Amino acid sequence: MEAKKESIHPLEAKEQARKYAQSLRCKYVILTNGSLNYFWNLEKGNPEMITTFPTYESLKQSRALTSDISNILKLKIDKYFIALSQDPSLENSAIWKSGDDKLKETYCFENNLRVLRYYQLNAIKSVQTAISDGKTRFLLEMATGTGKTLTSAGIIKMFIRSEVAKRVLFLVDRIELENQAKKDLGRYLNKDGIRVEIYKENKQDWNSADVVISTVQSFTLDNKYQDIFTPTDFDLVISDEAHRSIGGNSRAVFEYFLGYKLGLTATPKNYLKGVEFDETDPRELERRMMLDTYHIFGCDSGNPTFSYTLNDGVKDGILVSPTVVDARTE
């Protein structure tokens with residue numbers, strides 16, 4: 001007679017596995033059923049899917065896996081966080097030492113130094129708070145024109161200056177966005193010693209950059225990312241327009257790297273709420289991709305890590321409400 005198997009709750013099984021691994025003085029556990037593989041950093045979060053096993057050396061060198069997050073939690077971040085990167089000598093200037101906030105803002109404006117708007121500052125701090133809660137994936141939902149790249153620059157600086165990240169991968173979904181991202185991120189960060197490069201322009205020297213920019217398509221061609229990079233080469237992966245740049249086969253690139261993941265999108269999850277489309281309709285495909293994006297970034301509740309919508313921007317006078325014109329031709 002076959003013995004009856006005793007059922008066990010998944011959370012209890014997980015806790016038993018954690019205690020057993022810790023009794024063996026293990027920091028990392030790899031779980032596999034021969035088809036799917038998961039990497040579990042016992043000190044940070046839950047198991048995450050991986051497509052390639054990391055090497056022992058790469059695990060030792062990864063800052064995202066080994067660094068103390070208290071450094072990032074103690075980092076002072078205010079509205080001048082990026083301005084001080086654009087001009088690192090500011091803190092020693094007479095204007096800064098005066099403590100007069102109006103003088104500071106005027107000086108930054110006259111010298112084209114970017115002062116973070118309140119919602120950009122809140123977006124950066126929301127990631128800081130999520131990290132303190134043990135999360136490693138974040139989703140920022142910010143309307144077009146509200147400064148996602150500037151906000152990203154603040155998050156990149158936060159990770160690198162706190163030494164939680166050594167190198168950042170910034171993924172875009174179109175070639176023309178590579179140069180724009182390099183121009184903007186470089187303008188915000190280069191003078192602070194954070195080097196920004198496009199991968200295809202520096203294929204032989206990419207690992208000397210602090211921020212590597214690439215299209216997802218460049219990495220997916222012949223799956224070359226698996227031959228060139230190890231899973232721990234990037235401690236933070238940022239996906240611009242996340243619902244497109246990590247859709248389909250592109251998600252394999254995103255999931256290949258361990259560490260922290262940040263998604264940026266201007267498209268709200270419920271932008272097609274209550275509207276049904278044919279399965280062959282491209283808008284229906286994008287809706288499904290958007291729903292999947294929330295799951296990928298740990299936001300199954302439907303609430304992103306931070307949100308600043310078109311309506312928010314219109315209320316604040318940052319954006320103008322769009323006018324729809326129906327123009328028909330023959």
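1. Of the 330 residues of the protein, 45% count as buried, where buried means under 20% relative accessible area, exposed means over 50%, and partly exposed lies in between (1.4 Å probe, protein chains only). This is a predicted model, in which local features need pLDDT of at least 70, side-chain atom pairs count only at pLDDT 80 or more, and totals for chains, interfaces and linings use all residues. Residues are numbered from 1 along each chain as its sequence is written, and side-chain values use heavy atoms, with hydrogens and water left out.

2. The protein has 16 helices and 10 strands. Both are DSSP runs numbered from the N terminus: helices are H or I with at least four residues, strands are E with at least two. Among contacts with a separation of 6 or more, 67% are between residues 24 or more positions apart; contact here means heavy atoms within 4.5 Å.

3. Ala 130 is in helix α8 (residues 118-132), and its relative accessibility of 7% is why it counts as buried. Leaving out residues up to four places away in sequence, Ala 130 touches Lys 135, Phe 138 and Thr 305.

4. A salt bridge is a side-chain nitrogen of Lys or Arg within 4 Å of a carboxyl oxygen of Asp or Glu.

5. Asp 235 does have polar partners. The residue sits in the loop between α12 (225-228) and β8 (236-239). Its side chain makes a polar contact of 3.4 Å with the side chain of Ser 62, and also reaches the backbone nitrogen of Arg 63 at 3.2 Å. A polar contact is a pair of N or O atoms within 3.5 Å; within protein, one must be able to donate a hydrogen and the other to accept it, and residues adjacent in sequence count only if both atoms are side-chain atoms. Not counting residues up to four places away in sequence, the residues that Asp 235 touches include Ala 64, Val 164, Lys 166, Leu 258 and Tyr 260.

6. The structure holds 15 salt bridges. One of them joins Arg 174 and Asp 173, with the closest N and O atoms 3.7 Å apart. Arg 174 is partly exposed because its relative accessible area is 34%, whereas Asp 173, with 12%, is buried. Another joins Arg 328 and Asp 326 at 3.1 Å, N to O; Arg 328 and Asp 326 are both exposed.

7. Lys 182 and Glu 201 also form a salt bridge, the closest N and O atoms being 3.9 Å apart. This pair links distant parts of the chain, 19 residues apart: Lys 182 is in helix α10 (residues 175-189), and Glu 201 is in the loop between β6 (196-198) and β7 (211-215). Lys 182 is partly exposed, with a relative accessible area of 27%, and Glu 201 is partly exposed at 46%. Salt bridges that share partners join Lys 182, Arg 195, Glu 197, Glu 201 and Asp 205 into one network.

8. The second largest pocket has a volume of about 310 Å³. Of the 17 residues that line this pocket, the closest to its centre are Lys 148, Thr 149, Leu 177, Gln 180 and Asp 240. The elements that give two or more residues to the lining are α9 (148-161) and α10, and α10 gives the largest share, 4 residues. On a 1 Å grid over the protein atoms alone, a pocket is an open set of points where a 1.4 Å probe fits, with protein on both sides within 12 Å along at least five of seven lines; lining residues have an atom within 4 Å of a point. Grid points are joined across faces, edges and corners, and the volume is the space filled by probe spheres set on the points.

9. Asn 112 is not a glycine but has a positive phi of about 55°; Asn 112 lies in the loop between α7 (101-110) and α8. Glu 163, also not a glycine, has a positive phi of about 65° and lies in the loop between α9 and β5 (168-172). Glu 163 counts as partly exposed because its relative accessibility is 49%.
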